[in-house]
Amino acid sequence: MSPHPTLTNRYANTEGKPEFVNQLFDKGAKHYDGIVDWGFLRSGAGYRRWVQQRHGLKKGHHLLDVACGTGLVAVESAKILGTAENITCLDPSEGMLGVARTKLSARFIQARAEAMPLADNSFDFLTMGYALRHVTDLEVAFREYARVLKPGGKLLILEVTKPVGRISGFLFRIYFGRIYPFLSGLFTRSGDAKKMMRYYWETMDACVPPASVLQALRNVGLTEVKRNSAVGLFSEYTAVKA
Ligand SMILES: C[S@@+](CC[C@H](N)C(=O)[O-])C[C@H]1O[C@@H](n2cnc3c(N)ncnc32)[C@H](O)[C@@H]1O
């Protein structure tokens, strides 16, 4: 199941998506942290730490952060774990990984969620922050998550979800569809940064609904599949490997 229909204004078919997405993040990497910082009113670090604590990340856990990007999730994980030595960060974008490597001494792997060069049953906790829309197939990625988690291991997927209400949906569209990409371009003076945030919106707009994500998690055999939604916008998908 694709997380959204093919965005033919960006790439011709599913085969072209990984290359397009990779170039987008390679070029946008140096701007990413700044844009996310003001765009989410400086709430990002605190929220990323709080949500992992709330869902049970504990000292001693071996953690895999899929789509680690510039390390915004993993840096907060390291504060909870007290060390980065049991953290593995995975991302296909060398540009994003390059920034993350300057922030923490975790293990870094350049790969995609759909094919992870990692051993079965090796992690207690798996995170994926704001990247669900970038995989080519949800079930292929989730099957990989189920494979690498230890029995009893938990996954936590964070995502921004378009609200269903008319007024909230309208405000969301104006902010993420217009204001955020425009200001991203203006503040960074970078067309690449603007394009990255415009694509961010296009994928949120086209994304399958939460019920489909939950069903895809169940379809790969994960249990205790749930979605918690903070202020109706921030989806926290969790599941456990039996
Ligand atoms: C919006 S950034 C999120 C970064 C970080 N997790 C955060 O919380 O800010 C999305 C990341 O997903 C990565 N990505 C894109 N396609 C991916 C795939 N198929 N598998 C894993 N990561 C992918 C991109 O390279 C990028 O670093």
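**Close-up views of a predicted model**

**View 1. Strands S1 and S2 in the sheet.** In this predicted model, strand S1 (residues 63–66) and strand S2 (residues 87–91) run parallel and are joined by four bridges; strands here are DSSP runs of E with at least two residues, helices are runs of H or I with at least four, and both are numbered from the N terminus. Leu-63 stands opposite Ile-87 in S2. Residues are numbered from 1 along each chain as its sequence is written. Because the model is predicted, local features need pLDDT of at least 70 and side-chain atom pairs count only at pLDDT 80 or more, whereas totals for chains, interfaces and linings use all residues.

View 2. Seven strands form an open sheet with mixed pairing, in the order S3-S2-S1-S4-S5-S7-S6, where two strands pair if DSSP finds at least two bridges between them. Strand S3 (107–110) and strand S6 (223–230) stand at the edges with a single partner strand each, so one side of each is left without a neighbour in the sheet. On average, neighbouring strands of this sheet are turned by 15° against each other, direction ignored. Helix H5 (residues 138–148) packs on the sheet and touches S1, strand S4 (123–129) and strand S5 (149–160), its direction making about 145° with that of S5. A contact requires C-beta atoms, placed from the backbone, within 7 Å, and angles run from 0 to 180 degrees between the N-to-C directions of axes fitted to C-alpha atoms, for helices over the stretch in contact.

**View 3. The shell around the ligand.** Among the 21 residues around the ligand, Ala-67, Gly-69, Ser-93, Gly-129 and Ala-131 come nearest; a residue is near if its C-beta atom, placed from the backbone, lies within 6 Å. Helix H1 (17–39) and helix H3 (72–81) are the elements that give two or more residues to this shell, and H1 supplies the largest share, three residues.

**View 4. Two residues with positive phi.** Ala-67, in the loop between S1 and H3, has a positive phi of about 60° although it is not a glycine. Ala-67 is buried, with 24 other C-beta atoms within 10 Å. Arg-189, in the loop between helix H6 (166–188) and helix H7 (191–206), also has a positive phi, near 55°, but counts as exposed, with 9 C-beta neighbours inside 10 Å. Buried means 20 or more other C-beta atoms within 10 Å of the residue's own, exposed means 12 or fewer, and partly exposed lies in between, with C-beta atoms placed from the backbone.

Notes. Two residues are in contact if their C-beta atoms, placed from the backbone, lie within 7 Å.
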